[in-house]
Amino acid sequence: MATTPMMPPNADGSAPAAPPLPGTDMTSICFRDQLWLNTYPLDRNLVFDYFALSPFYDWTCNNEQLRARAIHPLDFSHISKMTGVEYTLSEVMEPHLFVIRKQKRDSPEKVTPMLTYYILDGSIYQAPQLCNVFASRLGRALYHISKAFGTASSKLEKIGYVDSENDSPASEAKPAKEAIDFKELKRVDHILASLQRKLPPVPAPPPFPEGYAPPSTSEPSENQQPEAQPPPIDPIIDQGPSKRMKV
């Protein structure tokens, strides 16, 4: 198994200083060592040594203790007996995708997931947390919704402005159409009167048949109440489908 070279001691012979611990949110960076990829194959046996070169690696984890004892850092039979921070290989699609999960082990059966990393075609990334994914998706959706409402509002304002411009000339021209030309009115009355004089007189109406009594034309008295007229028939309520006869 290819192992990551250990850091050389300081000039005074003291142990080298440990690298800084990785941050919690390192989603904005990625790591890739092309020299290592050209030298070693990227498979499930060597992927952890490649991951240990990245700034995402925590040198205080249990896997590093196994490496110091020349034990494979992903050996579950040894790492399950330890407590503390550890890394485990959760998903593998050789040689393109490897998913490594960082977790805290409290007992052989109890672990608490912390962060997730993935190696895609040799580049190492930190996977974003689920809450950050939801916040990003909601923010993007709200942005597009707000942009759509702004576009619709601007178009509606333009439509209303054009309609008001179209209505104003019509309202100004309407009084001109309703103006009465009295000279033209007198001329039409004169033509109608001349035509009426040229027509023969209206014949007398024929006599009523025997026994027929014409209706009284006298106006009703004040005490006489007019007969109530039936309400008009509504074509929807009174003659709609529900009022029709079923056969």
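Analyst: This is a predicted model. Strands of a sheet pair through backbone hydrogen bonds, either parallel or antiparallel. Here, 5 strands form an open sheet in the order β1-β5-β4-β3-β2, with antiparallel pairing. Strands β1 (30–31) and β2 (84–93) stand at the edges; each has a single partner strand, so one side of each is left without a neighbour in the sheet.

User: Over how many bridges do strands β4 and β5 pair?

Analyst: Strand β4 (residues 111–120) and strand β5 (residues 123–126) pair over 4 bridges, in the antiparallel sense. For Tyr-118, the bridge partner in β5 is Tyr-125.

User: Is Gln-103 buried or exposed, and what does its side chain contact?

Analyst: Gln-103 is found in strand β3 (residues 97–105). With a relative accessible area of 3%, Gln-103 is buried, because buried means under 20%. Its side chain makes polar contacts with the side chains of Glu-86 (2.7 Å) and Arg-101 (3.2 Å). Beyond four places away in sequence, Gln-103 touches residues including Gly-84, Val-85, Val-111 and Met-114.

User: How should I read the salt bridges, and how many does a search of the whole structure find?

Analyst: Side chains of opposite charge can pair when their charged atoms come close. The search of the whole structure finds 6 salt bridges. One of them joins the side chains of Glu-94 and Arg-44 (3.5 Å, N to O). This pair links distant parts of the chain, 50 residues apart: Glu-94 lies in the loop between β2 and β3, and Arg-44 in the loop between α1 (34–39) and α2 (47–51). Glu-94 is partly exposed at 41% relative accessible area, and Arg-44 is partly exposed at 44%.

User: Which side chain meets Asp-58 in a salt bridge, and where do the two partners lie?

Analyst: Asp-58 meets Lys-102 (3.8 Å, N to O). The pair links distant parts of the chain, with Asp-58 in the loop between α2 and α3 (62–68) and Lys-102 in strand β3, 44 residues apart. Asp-58 counts as buried at 7% relative accessibility; Lys-102 also counts as buried, at 7%.

User: What separates Glu-184 and Arg-187 in helix α6?

Analyst: About one helical turn separates Glu-184 and Arg-187, because they are 3 residues apart in helix α6. Their side chains meet in a salt bridge (2.5 Å, N to O). Glu-184 is partly exposed, with a relative accessible area of 35%, and Arg-187 counts as partly exposed at 45%. Elsewhere, salt bridges that share partners join Asp-49, Glu-64 and Arg-67 into one network.

How values were computed: Residues are numbered from 1 along each chain as its sequence is written. This is a predicted model: local features need pLDDT of at least 70, side-chain atom pairs count only at pLDDT 80 or more; totals for chains, interfaces and linings use all residues. Side-chain values use heavy atoms; hydrogens and water are left out. Helices (H or I, at least four residues) and strands (E, at least two) are DSSP runs, numbered from the N terminus. Buried means under 20% relative accessible area, exposed over 50%, partly exposed in between (1.4 Å probe, protein chains only). A polar contact is a pair of N or O atoms within 3.5 Å; within protein, one must be able to donate a hydrogen and the other to accept it, and residues adjacent in sequence count only if both atoms are side-chain atoms. Contact means heavy atoms within 4.5 Å. Two strands pair if DSSP finds at least two bridges between them. A salt bridge is a side-chain nitrogen of Lys or Arg within 4 Å of a carboxyl oxygen of Asp or Glu.
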